[in-house]
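This briefing covers the chain shown below.

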Amino acid sequence: MAGILILALLVLLAIFAPVFAPHDPEAVNAARVLGAPNASYPFGSDVLGRDVLSRVLYGLRVSLLVSILSVLMSALFAVPLGALAGYFGGWVDTVISRPLDMLLVFPALLLAVSLIAIIGPGSAVATLAIAVIYLPILGRVMRGSSLSVARLGYVEGAGSRGSGHLKTLVGHVIPNSISPVLVQGSILAGFALQIEAALSFLGLGTQPPTPSLGGMLADGRDVLVQAPWIEIFPGATIALAVLGFILIGDGLRAKLDPSGVTR
């Protein structure tokens with residue numbers, strides 16, 4: 001419940017950023033360069049005099065969108081692939097699992113940077129890169145869960161009653177195997193937000209002048225001593241969002257995955 005409350009608050013702030021933001025996030029104000037927090041600028045202003053609070057709200061919108069969409073895109077392919085591999089086994093499992101295993105060889109950030117170097121920077125490309133990173137993880141979780149479910153009596157009974165493979169998969173295997181994927185996906189969404197922030201910090205994610213939490217950290221690293229608020233507030237927002245996702249994942253694990261399949 002704590003995770004849901006945290007994320008619900010952050011999502012509402014992100015959706016209604018134009019309402020809550022006190023200033024234009026891209027408006028440059030030479031008179032407010034490295035301005036300290038005050039009543040008009042609660043989070044202070046950055047190296048160009050832009051309002052940090054407004055930029056945090058708009059950057060949060062981008063970060064949440066990228067993290068959630070990347071996990072959903074990955075699950076869209078991982079769930080059916082993992083279900084097929086676990087249900088049929090044999091050569092079908094080999095054909096599906098071995099390419100996914102190859103993706104696991106690459107470190108997550110290195111793989112994301114490589115894809116962005118080939119396609120180009122941007123939040124959309126970052127979403128695709130993170131989805132590719134998570135495809136083998138979610139696929140293996142779904143495969144492991146499907147392997148155990150496919151051997152249960154009610155699945156074998158459905159086949160003996162003449163139920164086809166597609167009907168058995170859609171009606172029995174996937175619905176009863178997807179709980180660990182929901183748990184893992186919730187936790188991975190938090191890490192996806194961190195990866196998006198890291199890519200933006202390196203200049204490979206969301207491109208200026210669009211606000212991003214990682215980009216704000218990059219802007220403030222050279223003035224950390226003079227204006228620590230430029231780093232503190234976007235960093236705290238990232239930490240809070242990741243905490244919300246992880247708390248939701250732990251709660252879902254306790255409810256949906258009592259046997260610890262995803263551990």
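A residue counts as buried when its relative accessible area is under 20%, as exposed when that area is over 50%, and as partly exposed in between. By this cut-off Tyr 87, at 16% relative accessibility, is buried. The model is predicted. Its chain contains 11 helices and zero strands.

**Overall layout**

- Read from the N terminus, the order of elements is α-α-α-α-α-α-α-α-α-α-α.
- The C-alpha trace spans about 75 × 40 × 25 Å along its principal axes.
- Of the 263 residues in the chain, 47% are buried.
- Among contacts with a separation of 6 or more, 71% join residues 24 or more positions apart.

**Helix packing around helix 5**

- Two packed helices are described by the angle between their axes and the distance between the axes.
- Helix 5 (residues 108–119) and helix 9 (residues 179–201) have axes that come within 11 Å and cross at roughly 55°. The two helices are therefore oblique to each other, and the crossing is right-handed.
- On the helix 5 side, this contact is made by Ala 108, Leu 109, Ala 112, Val 113 and Ile 116. Helix 9 contributes Ile 195, Ala 198 and Leu 199.
- Helix 5 also packs against helix 6, at an angle of about 135° and with the axes 9 Å apart. Helix 5 and helix 6 are therefore oblique to each other, and their crossing is right-handed.
- In the packing with helix 6, helix 5 uses Ala 108, Leu 111, Ala 112, Leu 115, Ile 116 and Ile 119. The residues they meet in helix 6 are Val 125, Ala 126, Leu 128, Ala 129, Val 132 and Ile 133.
- Ala 108, Ala 112 and Ile 116 of helix 5 take part in the contact with helix 9 and also in the contact with helix 6.

**Aromatic pairs and a charge over a ring**

- A pair of aromatic rings is described by the distance of the centres and the angle of the planes.
- Two aromatic pairs are found in a search of the whole structure.
- In the pair of Phe 43 and Phe 233, the ring centres are 3.9 Å apart and the planes lie at 0°, so the rings are stacked.
- Phe 43 belongs to the loop between helix 2 (17–20) and helix 3 (52–88), while Phe 233 belongs to helix 11 (residues 229–256), so the pair ties together parts that are 190 residues apart in sequence.
- Both members of this pair are partly exposed: Phe 43 has 22% relative accessibility, and Phe 233 has 23%.
- The rings of Tyr 87 and Phe 88 have centres 4.9 Å apart and planes at 80°, so this pair is edge-to-face.
- Tyr 87 is buried, at 16% relative accessibility, whereas Phe 88 is partly exposed, at 36%.
- Arg 32 lies over the face of Tyr 41, at 4.3 Å from the ring centre.

**Backbone geometry**

- Most residues other than glycine have a negative phi, and most peptide bonds are trans.
- Leu 34, although not a glycine, has a positive phi of about 55°.
- Leu 34 sits in the loop between helix 2 and helix 3 and is partly exposed, with a relative accessible area of 27%.
- The peptide bond from Pro 208 to Pro 209 is cis, with omega near 10°. Pro 209 is placed in the loop between helix 9 and helix 10 (213–220).

- Thr 127 lies in helix 6 (residues 123–149). This residue is buried, with a relative accessible area of 8%.
- Residues up to four places away in sequence aside, Thr 127 touches Val 66, Leu 69, Ser 70 and Met 73.
- Leu 138 is also placed in helix 6 and is buried, with a relative accessible area of 1%.
- Leu 138 and Pro 180 are 42 residues apart along the chain, and their C-alpha atoms are separated by 9.0 Å.

Notes: Residues numbered from 1 in each chain as written. Predicted model: local features only at pLDDT ≥ 70, side-chain atom pairs only at ≥ 80, totals over all residues. Heavy atoms only, no water. Phe/Tyr/Trp six-rings, centres within 6.5 Å; stacked < 30°, edge-to-face > 60°. Helix = DSSP H or I, 4+ residues; strand = E, 2+ residues; numbered from the N terminus. Buried < 20%, exposed > 50% of the residue type's maximum accessible area, 1.4 Å probe, protein only. Lys NZ or Arg CZ within 6 Å of the ring centre and 35° of its normal. Axes fitted to C-alpha atoms, helices over the stretch in contact; angles between N-to-C directions. Parallel < 35°, antiparallel > 145°, perpendicular 65-115°, else oblique. Left-handed = near helix turned anticlockwise from the far one by under 90°. Contact = heavy atoms within 4.5 Å.
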